[in-house]
Amino acid sequence: MNFSVLTSQFWSLMLSGISLGLIYVLIALGYTMVYGVLRLINFANSEIFMVGTFAVVFAETGLTGNALDSEPLKGIQLILTLGLAMLIAMAASGFTAVMVEILAYRRLRARGSNRLASLISAIGMSIALSEAASVLTHARPQSNPRLLEKTSLGEIAGANFRVDTVLVLVAAIVMFLLLDRFVNKTRVGIAIRAVSMSEENAKLMGVNLNRVISVTFLVGGIMTGAAAFLFMTVYETTKFNVGFSLGLAAFTAAVLGGIGNLRGAFWGGITLGILETMSAAVLGSQWKAVTVFVVLVLVLLVRPNGLFGEAVQQARA
Amino acid sequence: MRLEIKDLHVFYGKIEAIKGISVVVNPGEIVTLIGANGAGKTTTLKTISGLRPVASGSITFDGQDISKMPAHDRVALGISQAPEGRGIFPGMSVLENLEIGKYFRKDRKHEMKEDLEKVYHLFPRLKERAFQAGGTLSGGEQQMLAIGRALMARPKVLLLDEPSMGLAPMMIANIFKIITEINTELGTTILLVEQNAQQALQRAHRAYVLETGHVVKEAKASDLLNDPDVRAAYLGTGAGAH
């Protein structure tokens with residue numbers, strides 16, 4: 001135990017915590033969007049993230065020709081390559097999410113099965129996807145080339161703003177704001193909110209339920225794919241089971257903020273990222289997963305509606 | 001734009017809620033379904049809107065069989081409903097609630113203003129409350145919003161499920177007055193489900209009496225108002241009632 005780091009490295013830890021937390025936020029949005037419309041925990045979301053990380057590996061190695069000794073990309077070429085890799089990750093995760101819904105949930109829903117059946121189906125999809133990835137990659141870790149040199153842009157109060165950290169901060173916040181706007185201002189977004197309040201009444205408004213559900217999975221998948229890109233840019237390695245710990249943390253973040261609530265996912269993710277980083281600094285990084293579980297259990301025990309639980313209905317306004 | 005229900009059967013699980021009813025709503029009419037709780041009135045409206053599946057029998061609208069059509073397509077065809085309990089989206093503003101009433105009309109932008117004005121003209125209260133969350137309205141205001149929202153879709157047939165439920169007498173009179181206005185001024189055909197048989201029969205042209213999933217009487221509304229059986233059972237003023 002080393003509590004002195006909390007004071008000596010406070011701002012540095014805060015920065016790492018927030019940037020880790022923002023990756024959780026984007027994955028948590030995948031859980032929370034789907035929960036909002038279907039009242040279903042999409043356990044396969046962690047594998048939707050995993051698919052995104054592999055997409056980043058394939059995209060970045062493909063785009064740079066896998067030449068380790070080639071000149072590092074610079075300027076506009078670098079931005080385009082990173083942007084394209086991010087789009088490919090978002091597309092891969094979005095597509096996977098939509099397919100998961102069609103394959104694993106849609107027919108159960110049409111048959112009027114209960115939620116437990118969908119939940120089991122979700123766990124089944126999660127296992128199937130991660131096992132498939134395990135077979136395809138021989139369970140070996142996969143790395144993407146380092147396109148972005150992790151140079152420091154400057155230091156504030158001991159917190160080192162590296163290029164990749166800043167990329168995470170900016171990209172994640174922009175993605176979140178875009179989603180918030182989409183859900184609150186667009187026609188489809190309003191339909192998503194209507195379905196989340198009452199499926200039956202949304203149908204009476206002429207809302208095509210299946211289409212709205214598909215869009216919800218697509219958008220949740222796109223957010224998760226963006227998270228996968230940012231994760232790979234910072235950590236540069238993935239494995240078939242990468243979704244397990246990241247997914248669990250993001251799910252905890254969603255529950256912490258109040259599942260079904262977009263802004264709850266945002267604050268829940270950041271809070272969890274900070275807690276996890278601080279506890280790892282104090283207790284040692286082997287305690288990271290324990291922190292996540294303890295937070296999850298405590299929230300479920302003390303505030304099952306999450307920090308922003310009571311405000312869910314209001315926040316959807 | 002005739003709505004015709006023929007020998008309709010609807011189940012909830014194994015329980016048969018609608019046991020072969022036939023109802024016709026002609027263009028321009030106000031038709032009311034009256035009956036006690038559990039008679040199948042709400043189920044009939046839900047089935048017309050496509051929220052409950054048809055077990056057997058048919059629903060035709062303007063000559064087209066819509067029995068198997070998805071709910072959202074029926075709205076596009078011109079059948080809108082203000083459901084039982086109003087079905088307001090509580091976290092959305094009054095304006096957003098009205099806007100979503102036009103959800104399926106993709107060309108809605110230029111029509112939106114016009115239709116909002118039409119609804120605000122009928123229910124000036126909604127204009128005052130436009131930016132307030134739907135969930136914070138009083139019962140009567142929520143009912144206005146539910147009817148206004150259904151009208152945003154420019155329906156040919158408007159289905160109203162218990163619009164007077166839980167409202168104060170003044171508000172009930174107001175809502176029924178507006179229902180008549182919608183019928184006469186906008187020319188909208190109305191199928192009205194009500195427990196308040198007195199008001200419903202005064203406003204409607206024709207009426208059906210439902211009992212446990214069957215139609216037991218069908219007549220001009222004014223005739224039913226004077227029918228001794230109906231008075232005894234639903235108006236509480238019949239010869240047998242003390």
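Phe251(A) is found in helix α10 (residues 242-257) of chain A; helices (H or I, at least four residues) and strands (E, at least two) are DSSP runs, numbered from the N terminus. The model is predicted, so local features need pLDDT of at least 70 and side-chain atom pairs count only at pLDDT 80 or more, while totals for chains, interfaces and linings use all residues. Residues are numbered from 1 along each chain as its sequence is written, chains are lettered from A and ligands numbered from 1 in the order in which they are written, and side-chain values use heavy atoms, with hydrogens and water left out.

Phe251(A) counts as buried because its relative accessibility is 15%. Buried means under 20% relative accessible area, exposed over 50%, and partly exposed in between (1.4 Å probe, protein chains only). Leaving aside neighbours within four places in sequence, Phe251(A) is in contact (heavy atoms within 4.5 Å) with Tyr31(A), Ile41(A), Ile259(A) and Leu296(A). Phe251(A) and Phe43(A) are 208 residues apart in sequence, yet 8.9 Å separates their C-alpha atoms.

Phe231(A) sits in helix α9 of chain A. Phe231(A) has a relative accessible area of 9% and is therefore buried. Its contacts, neighbours within four places in sequence aside, are Ile23(A), Phe49(A), Thr53(A), Glu236(A), Thr237(A), Val242(A) and Leu246(A). Between the C-alpha atoms of Phe231(A) and Ala44(A), 187 residues apart along the chain, the separation is 18 Å.

In soluble globular proteins, nonpolar side chains tend to be buried together. A nonpolar core is here a set of buried Ala, Val, Leu, Ile, Met, Phe, Trp, Tyr and Cys residues joined through side-chain atoms within 4.5 Å. The largest such core has 105 residues, and Leu26(A) and Leu29(A) touch the most other members. Helix α2 (residues 10-38) of chain A gives the largest share of this core, 17 residues. Apart from this core lies another, of 47 residues, including Leu137(B), Leu158(B), Ile182(B) and Val209(B). With neighbours within four places in sequence set aside, Leu29(A) is in contact with Phe176(A), Leu179(A), Met223(A), Leu262(A) and Ala265(A).

Helix α7 (residues 187-197) of chain A is mostly covered, with 9 of its 11 residues buried. Among them are Gly189(A), Ile190(A), Arg193(A) and Met197(A).

The two chains meet through 23 residues of chain A and 21 residues of chain B. About 2100 Å² is buried between them, and carbon and sulfur atoms give 65% of that area. Buried area is the accessible area (1.4 Å probe) that two parts lose on being put together, summed over both. Arg187(A), Leu204(A) and Met205(A) supply 38% of the area that chain A buries against chain B, more than any other three residues.

Ala71(B) lies in helix α2 of chain B. At 8% relative accessibility, Ala71(B) counts as buried. Not counting residues up to four places away in sequence, Ala71(B) touches Lys203(A), Ser49(B), Gly50(B) and Leu51(B).

A cavity is a set of points where a 1.4 Å probe fits but cannot get out; a pocket is an open set with protein on both sides within 12 Å along at least five of seven lines; lining residues have an atom within 4 Å of a point. Grid points are joined across faces, edges and corners, and a volume is the space filled by probe spheres set on the points.

The largest pocket has a volume of about 780 Å³. Its lining has 24 residues, of which Ala110(A), Lys203(A), Leu209(A), Gly50(B) and Leu51(B) lie nearest its centre. Two or more lining residues come from each of α4 (75-110), α8 (199-204) and α9 (209-235) of chain A, and from α2 (71-77) of chain B. By class, the lining has 9 nonpolar, 6 polar and 9 charged residues. Ala, Val, Leu, Ile, Met, Phe, Trp, Tyr, Cys and Pro count as nonpolar, Asp, Glu, Lys and Arg as charged, and the others, Gly among them, as polar.

The structure holds 3 cavities of 30 Å³ or more.

Conventions
On a 1 Å grid over the protein atoms alone, a cavity is a set of points where a 1.4 Å probe fits but cannot get out, and a pocket is an open set with protein on both sides within 12 Å along at least five of seven lines; lining residues have an atom within 4 Å of a point.
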